[in-house]
Amino acid sequence: MEHPENSTEYAGLQVNAGVAQPSIVNPYLSQMRKKRHRLFTADEYVEGILKGDVSMLGQAVTLIESVHPDHQALAQEVIEKCLPFAGNSVRIGISGVPGAGKSTSIDAFGVHLLQNYGGKLAVLAIDPSSEKTKGSILGDKTRMEKLAVHPKSFIRPSPTAGSLGGVARKTRETIILCEAAGYNNIFVETVGVGQSETACHSMVDFFLLIQLAGTGDELQGIKRGIMEIADGIVINKADGENVEKAKLAASHFRNALHLFPMPESGIMPQVLCYSGFYELGIDEVLKMVFDHIEQTKESGYFQYKRNEQSKYWMYESINEHLRNNFYFNPRVKEQIADMERDVLGGKITSFVAAKRLLDEYYATLK
Ligand code: GDP
């Protein structure tokens, strides 16, 4: 018997032929990519940066972060041309352990700063952990809601490639471009663990340490030597029931600071309580920072420190260059794993292994 749906008299729903599926790849994407990756000349970048063109600034920073030798060379040319227009800013380092409230605070500090002091603000970051995670946890726009949409702010996450030295150098070079683009306030965010704070300290005029009450971090700060480099200590989350605890922590920090010699700036660091989330005491923190800057400018310490930092970065650049030159040397790359295995296996001492590798390296230079 014939199936009723095949009958010409069947009035039920018919299945129409489907339409062809569109290509899943956006046909314009390849053109967009090409456009985005188009390189300009150094002069074009510089012209854009000096005009305050955020897109040009962002692209030039991408060049700084690139590992491609051509991009590196172009980036260096751009940096050099921007140098005469750089330096005119207040550079503030902001550090604290994860969860201390850095991004919440930077959002609050930044908005208050732009409101009360004017100018523009760039937020950069040094985050060596991003090298491993391949994603940066600092300087992330989504964590700074108000600043991210502020027309006078420029937020850039931490560069990811390379050693801490490399990451820090890139951030320092980015500062130069931001300053040339008219950003007269620079925040450098860094995570409060390990060496990154020292790197951050070496490129800022004021180093602000964010602490929390009741974490026992007072002692940790002393142990890690971090309190010695702080120009100001602020206790965050001084809101609600936490106010008294924060005040107590502040007095502990004040006492602890007396254990250290007077800072080189000649100014005793202040300890303040505030709440980044509820925006309490923000103006006092900013006042502390800008008063400190003013005093060090008057005493000449501001310029002295910047000169010292330039000297430090000259040596750092040399060190980084030499290190890369050694480790990327083909002969060294070829033999280093074997040497490492021999050292681990107790076949040779570390010193002999190091000497052999260095000899190999020097031999290739001849
Ligand atoms: P970060 O890891 O140092 O950048 O810290 P976040 O800014 O991401 O803050 C960590 C957590 O602390 C978040 O849940 C914030 O909402 C909270 N937080 C930050 N600042 C304050 C504050 O002033 N008061 C209170 N109560 N919570 C805060």
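Lys305 and Asp231 form a salt bridge, with their closest N and O atoms 4.0 Å apart; the term means a side-chain nitrogen of Lys or Arg within 4 Å of a carboxyl oxygen of Asp or Glu. Lys305 lies in helix H13 and Asp231 in the loop between helix H10 (217-223) and strand E6 (232-235), so the pair ties together parts that are 74 residues apart in sequence. Helices (H or I, at least four residues) and strands (E, at least two) are DSSP runs, numbered from the N terminus. Both Lys305 and Asp231 are buried, where buried means under 20% relative accessible area, exposed over 50% and partly exposed in between (1.4 Å probe, protein chains only).

A salt bridge also joins the side chains of Glu65 and Arg156 (3.1 Å, N to O). Glu65 is in helix H3 (residues 54-65) and Arg156 in the loop between strand E3 (153-155) and helix H8 (164-180), so this pair ties together parts 91 residues apart in sequence. Arg156 is buried, at a relative accessible area of 16%.

Glu173 and Arg169 meet through their side chains in a salt bridge (3.1 Å, N to O). The two residues are four apart in helix H8, which separates them by about one helical turn. Glu173 and Arg169 are both buried.

Asp43, Glu77 and Lys81 are linked in a network of salt bridges. The count of salt bridges comes to 17.

## Basis of the values

This is a predicted model: local features need pLDDT of at least 70, side-chain atom pairs count only at pLDDT 80 or more, and totals for chains, interfaces and linings use all residues. Residues are numbered from 1 along each chain as its sequence is written, and side-chain values use heavy atoms, leaving out hydrogens and water.
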